[in-house]
Amino acid sequence: MNGTLVKNQLIFDFAAGSLGPAKSVFTSTYLYLNSKASSLNNTFESMLGDDLISNHDVALDKTTYKDCISKIKKTKIKSDEESSPISKLVGPITDLKWKQKYKGFSEFNLKIKDDDELKLIKMDPGVSVPLHSHGGKEYILVLDGSFCDEYGKYSVGDIQINDQKIKHTPIACKDDGCVCLSITEKDVIFYGRYGSFLNLFTFIKSFFK
Amino acid sequence: MNKLQLNQLMIKIREDRDEMAFSSLFDFLAPKIKGYYIQNGLSSENAEELTQEVFSIIWAKSDSYNPSKSALSTWAYTIARNKKVDFLRKNKGFYGNEEDIREFLYEANREDIFNQNEINEQVKKLNMELEPSQRKMIKMNFFENKSHKKIAEELEIPLGTVKSRIRHILIKMQRLL
């Protein structure tokens with residue numbers, strides 16, 4: 001899998017406005033944290049802006065510019081305070097009611113109505129996730145701290161995309177742990193000592209969705 | 001009208017609340033925005049309604065337009081796109097209380113750290129390196145949001161060829177940026 005291409009595809013689809021709600025939240029947070037990604041998005045939006053001004057015309061039936069002036073009371077302009085899209089959505093991450101999955105590993109489900117599941121994940125320093133692979137794609141964006149796995153180290157603003165071919169064991173950084181935003185397209189498959197138990201749990205859980 | 005003229009019109013709208021400038025911008029751009037919505041599968045009626053909403057925003061939020069951050073064409077495109085996203089989601093009934101999320105989705109572009117000239121340079125480079133047929137495919141896929149299947153039908157080429165060409169174009173763009 002070409003990881004960079006998948007990441008860029010996310011940005012292009014964001015610019016095009018064709019992502020679902022979960023991936024939109026995920027990608028806007030990614031753009032907020034990662035200036036390289038944001039630069040690519042700006043360039044691509046600029047190309048699409050050129051497409052707009054060279055687009056073919058479809059005459060308006062009845063609307064005139066006056067309709068757009070008269071309709072509006074001065075709308076309030078949103079403050080430009082600098083906080084990440086995710087904190088705007090759920091408030092400060094430190095105040096969330098995390099749900100502990102096992103010792104040192106907690107989740108907070110954002111419960112967005114979408115086929116993709118959007119979650120925050122918190123790992124204490126040095127904690128690892130059991131070896132697993134993925135039924136669908138999994139997208140992980142580091143919001144705070146860092147984590148490592150067999151493929152490298154991921155810091156704030158880095159994104160990792162895993163598909164069913166990849167088995168990995170992420171470990172949170174020893175110093176300050178890790179908070180990530182994650183999207184899972186389908187349930188994860190676990191391997192190893194507790195693997196069969198965790199898979200059974202996932203299987204049972206699927207009845208309650 | 002070129003990009004620069006459009007930017008200048010928008011500055012007049014922002015600084016002087018100039019209705020004539022707004023009327024010129026409307027005459028030029030509103031039919032193109034309506035065209036965009038129709039290409040994206042909306043009915044003529046909905047397309048017209050959204051176009052009106054876009055121009056209401058352009059007028060009401062002209063204060064937030066900054067020519068050194070983005071060209072008017074880009075700014076107007078993002079407003080039109082966001083309206084489209086809102087519209088399609090509302091119609092799909094994605095959220096019970098959709099207001100909570102929509103508001104936050106598309107405002108995280110930190111345009112402040114980029115210079116408009118740099119972006120222009122990048123776009124120029126891409127336009128020079130991409131062949132017209134490749135540029136057209138980008139427009140069909142991302143501006144008109146046509147599926148690969150639809151593109152294949154319209155251009156009368158096999159679906160597999162469309163997929164591999166788009167992939168090739170994206171890799172090429174990625175290398176250039």
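This is a predicted model: local features need pLDDT of at least 70, side-chain atom pairs count only at pLDDT 80 or more; totals for chains, interfaces and linings use all residues.
Residues are numbered from 1 along each chain as its sequence is written, while chains are lettered from A and ligands numbered from 1 in the order in which they are written.

**View 1**
Strand β1 (residues 99-102) and strand β2 (residues 105-109) of chain A pair in the antiparallel sense over 3 bridges. (Strands pair if DSSP finds at least two bridges between them; helices, H or I with at least four residues, and strands, E with at least two, are DSSP runs numbered from the N terminus.) The hairpin leaves 2 residues between the strands, and G104(A) takes a positive phi near 85° there. On to the next strand: β2(A) also pairs in the antiparallel sense with β3 (residues 117-123) of chain A, over 5 bridges. Look for F105(A), which stands opposite M123(A) in β3(A).

**View 1. Strand β5 of chain A and two of its partners.**
Strand β5 (residues 138-145) of chain A is mostly covered, with 7 of its 8 residues buried. (Buried takes 20 or more other C-beta atoms within 10 Å of a residue's own, exposed takes 12 or fewer, and partly exposed is in between; C-beta atoms are placed from the backbone.) β5(A) pairs with β8 (residues 159-162) of chain A in the antiparallel sense over 4 bridges, and there Y139(A) has I161(A) as its bridge partner. With β10 (residues 178-184) of chain A, β5(A) makes 7 bridges, again antiparallel.

**View 2. A three-stranded open sheet in chain A.**
Here 3 strands form an open sheet in the order β7-β6-β9 of chain A, with antiparallel pairing. β7 (152-154) and β9 (171-172) of chain A each have a single partner strand, so one side of each is left without a neighbour in the sheet. Strand β6 (residues 147-149) of chain A is joined to β9(A) by 2 bridges. F147(A) has A172(A) in β9(A) as its bridge partner.

**View 3. Helices α2 and α3 of chain B crossing.**
The axes of α2 (residues 19-39) and α3 (residues 44-60) of chain B come within 9 Å and cross at roughly 140°. (Axes are lines fitted to C-alpha atoms, for helices over the stretch in contact, and angles run from 0 to 180 degrees between N-to-C directions.) α2(B) and α3(B) are therefore oblique to each other, given that angles under 35 degrees count as roughly parallel, over 145 as roughly antiparallel, 65 to 115 as roughly perpendicular and the rest as oblique. Residues making the contact include F22(B), F26(B) and I33(B) of α2(B), along with L50(B), V54(B) and W59(B) of α3(B). (Contact means C-beta atoms, placed from the backbone, within 7 Å.) By class, the contact of α2(B) with α3(B) has 11 nonpolar, 3 polar and 2 charged residues. (Ala, Val, Leu, Ile, Met, Phe, Trp, Tyr, Cys and Pro count as nonpolar, Asp, Glu, Lys and Arg as charged, and the others, Gly among them, as polar.)

**View 4. Y36(B), a buried tyrosine that touches both chains.**
You'll find Y36(B) in helix α2 of chain B. Y36(B) is buried, with 27 other C-beta atoms within 10 Å. Leaving out residues up to four places away in sequence, Y36(B) touches L52(A), N55(A) and A80(B). Y77(B) is 41 residues from Y36(B) in sequence, yet 9.5 Å away in space, C-alpha to C-alpha.

**View 5. Where chain A meets chain B.**
The contact takes 55 residues from chain A and 57 residues from chain B. On the chain A side, α1 (3-16), α2 (21-33), α3 (35-53), α4 (65-70) and α5 (85-90) each supply at least two residues. The largest share of that side, 16 residues, comes from α3(A). Sorted by class, the side of chain A that touches chain B has 24 nonpolar, 20 polar and 11 charged residues. As for the chains themselves, chain A comes to 6 helices and 11 strands, whereas chain B has 9 helices and 0 strands.

How values were computed: Two residues are in contact if their C-beta atoms, placed from the backbone, lie within 7 Å.
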